[in-house]
Amino acid sequence: MKWMRLAAVAAVPAFIACGGGEGDNIGPDALAPFASVPARMDVESNPAIPARVELGRHLYYDTRLSLDESMSCNTCHNLATYGVDGNPTSQGVSGELGGRNSPTVYHAAGHVAQFWDGRAADVEEQAKGPILNPVEMAMPSEREVMTRLRGIPEYVRAFEAAFPGDPNAMTYDNLGKAIGAFERGLVTPSRWDAYLAGNVDSLTPEERDGLAASLDAGCQACHAGAYVGGNMFQKLGTVEPWPSEADPGRYAVTGEDADRMMFKVPSLRNVAETGPYFHDGSVSTLWEAVRLMDTHQLGRVLTDDQIRRILMYLEALTGEIPADYIAQPEPFGL
């Protein structure tokens, strides 16, 4: 098959094919909403100096950040399984279940906000929440967390190296910054990125047809950008009311009626590996998730063949886990 490269639109190459299926005729306007994933998702306010990233890696895996020393960040956001634990909702130190599904941490640093309701502005703020949440890791206070860490000489030295020049390096805010610096490197480039960069054959003809079906359905209205989502809030049940409205979403944070049933749009990167789906983890299959989205968000009824094709495209969004970057370090002080 011969392809002709067209001019780029919004830094995304566009292509046109000589013959073939629907996926062989995707033009520049259709690809304009998307972008390749960056190598890291850094911000100037939290520079990714190696010592800070390494401290964050240790903290991410350390079960001593939980009350009974049984849980780490990785317990609910397992980096080896695409950043999720595979449960509808996660169990805390006391055995109590959380109220919402634990979303993947891969690419989360690039999102508009954190948590399903956006109550944390960035991953640095988000990292501090579960440690003190009584249903999750249940540490009683910031002071108790830092007292425990100060009793481990390796952590004292690691904080000083991670925050050079800071006379009070061992703070709870700096703990959040260190974990955030580590999480900002959690990216999984995929064949989708190769496609956006110009390698059309990185997607199979069936996957390109699935992309065409997704575009035709209008999924890109919410699932766009480098993360194919994660960049906006949307009402769940835009066209038809969602089956359950027990969780009011962002309304619980803002108290604004306009935010009732508003949730952060999840990224579709690695979506085939990060079920169960939605804020409550109530949907076990990606097939059903696509069907519900089409009905309740777009007011359409997809055929089984259309859903099958879209799933082929979504599979192509599965990236490569950075095995070296997420390698679990030997715990400090043990």
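Start by selecting Phe34, Trp192, Tyr195 and Tyr313: together they form one aromatic cluster. Keep in mind throughout that this is a predicted model.

**Stop 1: the aromatic cluster**

The structure holds 10 aromatic pairs. Begin with Trp192 and Tyr195. Their ring centres are 5.8 Å apart and their planes meet at 15°. Planes under 30 degrees apart count as stacked, so this pair is stacked.

Now show helix H9, residues 191-196. Trp192 and Tyr195 both sit in H9, 3 residues apart, which puts about one helical turn between them.

Colour by accessibility next. Is Trp192 buried or exposed? Its relative accessibility is 0%, so Trp192 counts as buried. Tyr195 is buried too, with a relative accessible area of 2%.

Turn to Tyr313. The ring centres of Trp192 and Tyr313 lie 5.3 Å apart, with the planes at 75°. Angles over 60 count as edge-to-face, so that is the label for this pair.

**Stop 2: the largest nonpolar core**

Select Leu59, Leu149, Phe159 and Leu175. These have the most contacts inside the largest nonpolar core, which has 39 residues.

Which elements give two or more residues to this core? Show five helices: H2 (50-61), H3 (73-76), H6 (142-150), H7 (153-162) and H8 (172-183). H8 gives the most, with 6 residues.

Centre on Leu175. What does Leu175 touch, leaving out residues up to four places away in sequence? Its contacts are Leu59, Leu65, Ile131, Val145, Met146, Leu149 and Phe159. Leu59, Leu149 and Phe159 were in the opening selection for this stop, among the residues with the most contacts in the core.

**Stop 3: a second core**

Clear the selection. Pick Trp116, Ala217, Tyr277 and Leu317. They are included in a second, separate core of 36 residues. As background, nonpolar side chains tend to be buried together in soluble globular proteins.

**Stop 4: arginines over rings**

- Select Arg57 and Tyr325. Arg57 lies over the face of Tyr325, at 5.2 Å from the ring centre.
- Select Arg250 and Phe233. Arg250 lies over the face of Phe233, at 4.6 Å from the ring centre.

Key: Residues are numbered from 1 along each chain as its sequence is written. This is a predicted model: local features need pLDDT of at least 70, side-chain atom pairs count only at pLDDT 80 or more; totals for chains, interfaces and linings use all residues. Side-chain values use heavy atoms; hydrogens and water are left out. A nonpolar core is a set of buried Ala, Val, Leu, Ile, Met, Phe, Trp, Tyr and Cys residues joined through side-chain atoms within 4.5 Å. Buried means under 20% relative accessible area, exposed over 50%, partly exposed in between (1.4 Å probe, protein chains only). Helices (H or I, at least four residues) and strands (E, at least two) are DSSP runs, numbered from the N terminus. Contact means heavy atoms within 4.5 Å. Rings of Phe, Tyr and Trp (its six-membered ring) pair if their centres lie within 6.5 Å; planes under 30 degrees apart count as stacked, over 60 as edge-to-face and the rest as tilted. A charge sits over a ring if NZ of Lys or CZ of Arg is within 6 Å of the ring centre and within 35 degrees of the ring normal.
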